[in-house]
Amino acid sequence: MNAFLELVLLLLTIIYSYLESLVKLFIPLKRKSVKGEIVLITGAGHGIGKITAKKFAKLQSVLVLWDINKKGVEETAAECRNIGAVVHTFVVDCSKREDISTAADKVKQQVGDVTILINNAGVVNCADLLTLEDQQIQKIFDVNILAHFWTTRAFLPSMIRKNHGHIVTIASSAGHIGVAFLVDYCSTKFAAVGYHKALTAELSVLGKTGIKTTCLCPVFVDTGFVKNPSTRIAPTLKTEDVVNTLVDGILTNKKMICIPPFVSLTSFIEVILPERALKALGKFQDVKFDAKVHCANKEK
């Protein structure tokens, strides 16, 4: 096909896509069943991971829960079993590739092929770049992004064989917006968003249309990891509300979930606004949280 015809086809596809999106605004999306699906959730002992596990328990999925905190993951498992779910727990340090590999092998042997992988485990430091210790920087990259590689490489082969599965990346609005005193965290979340986008593209090129991907990017969530967070333009989100939106997005195969939605406009805003205006906007947002700056605890 020559370049002119390809260009015409591209324009027609763009027009069709807009019309399709407009129609979908008025037609409820069909939600897939996850009954019997093996759902693995990292960081399941607390916050988003814990509530997500309970949501999938209600949807009759088989749960595989990972967390570094044995007490936390067992408490989550007990609550899910009370709902009626089959639950398997593993104590896993997602900062260690060997731990992930060993646990993944046990899951495949004892439970079966994971069909929905939710990479949720994460850490945050809240400190300026020079205050951060070397091991803190290493660990946040190990947990927040490198662990995604090791878990996906462990469970993706079976999804590819069956052309069936779903890989979920829990990222953050900090994967779209740079925030002072979160340099390490933002770096890992930008990487997580890029990971999701590139993996989505790769699966498409490979023709694996049965393997879906979803990325969650919320602003501050009241999980307790960041102390006293606030912004002028968005309230701190309730964990339950975030998880409801996440699970709904998974069931409808939504690619990118930004909460609130304007987070997705960040790249566009950075292109159209001059540098001075961007600085003024950043100041207006008035992002605050407790952070360690120059070895002293201060609110920033």
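Reader: Which residues of α5 meet R97, I100, A104, V107 and K108 in α4?
Author: In this predicted model, the α4 side of the contact is formed by R97, I100, A104, V107 and K108. Sorted by class, the contact of α4 with α5 holds seven nonpolar residues, one polar and two charged. The residues of α5 that meet those of α4 are A147, W150, T151, A154 and F155.

Reader: Are α4 and α5 roughly parallel or roughly antiparallel?
Author: Helix α4, residues 97-110, packs with α5 at an angle of about 25 degrees, and their axes lie 10 Å apart. The crossing in which α4 passes α5 is right-handed. Angles under 35 degrees count as roughly parallel. With the angle at about 25 degrees, α4 and α5 are therefore roughly parallel.

Reader: How do α2 and α3 pack, roughly parallel or roughly antiparallel?
Author: Helix α2 covers residues 47-58 and helix α3 covers residues 70-83, and the two pack with their axes 9 Å apart at an angle of about 20 degrees. Because angles under 35 degrees fall in that class, the arrangement of α2 and α3 is roughly parallel.

Reader: How many residues of the contact of α2 with α3 are charged?
Author: On the α2 side, the contact is made by K50, A53, K54, A57 and K58, while α3 brings E75, T76, E79, C80 and I83. The crossing of these two helices is right-handed. When the residues of the contact are divided by class, four are nonpolar and one is polar, and the number that are charged is five.

Reader: Which helix gives the most to the lining of the largest cavity?
Author: The search of the whole structure finds one cavity of 30 Å³ or more, and the largest cavity holds about 40 Å³ of space. Its lining is made up of T42, C94, N119, N120, A121, V143, A147, H148 and T151, which divide into four nonpolar, five polar and no charged residues. With four residues, the most is given by the helix that spans residues 134-162, namely α5.

Reader: From which element does the largest share of the lining of the second largest pocket come?
Author: The second largest pocket, with about 280 Å³ of space, is lined by L29, T245, D248, G249, T252, K254, K255, M256 and I257. Two elements give two or more residues to this lining, α7 (239-251) and β7 (256-259). By class, the lining residues divide into three nonpolar, three polar and three charged. The largest share, three residues, comes from α7.

Conventions:
Residues numbered from 1 in each chain as written. Predicted model: local features only at pLDDT ≥ 70, side-chain atom pairs only at ≥ 80, totals over all residues. Heavy atoms only, no water. 1 Å grid on protein atoms, 1.4 Å probe; cavity = no way out; pocket = protein on both sides within 12 Å on 5 of 7 lines; lining within 4 Å. Points joined across faces, edges and corners; volume = space filled by probe spheres on them. Nonpolar A, V, L, I, M, F, W, Y, C, P; charged D, E, K, R; others polar. Axes fitted to C-alpha atoms, helices over the stretch in contact; angles between N-to-C directions. Parallel < 35°, antiparallel > 145°, perpendicular 65-115°, else oblique. Left-handed = near helix turned anticlockwise from the far one by under 90°. Contact = heavy atoms within 4.5 Å.
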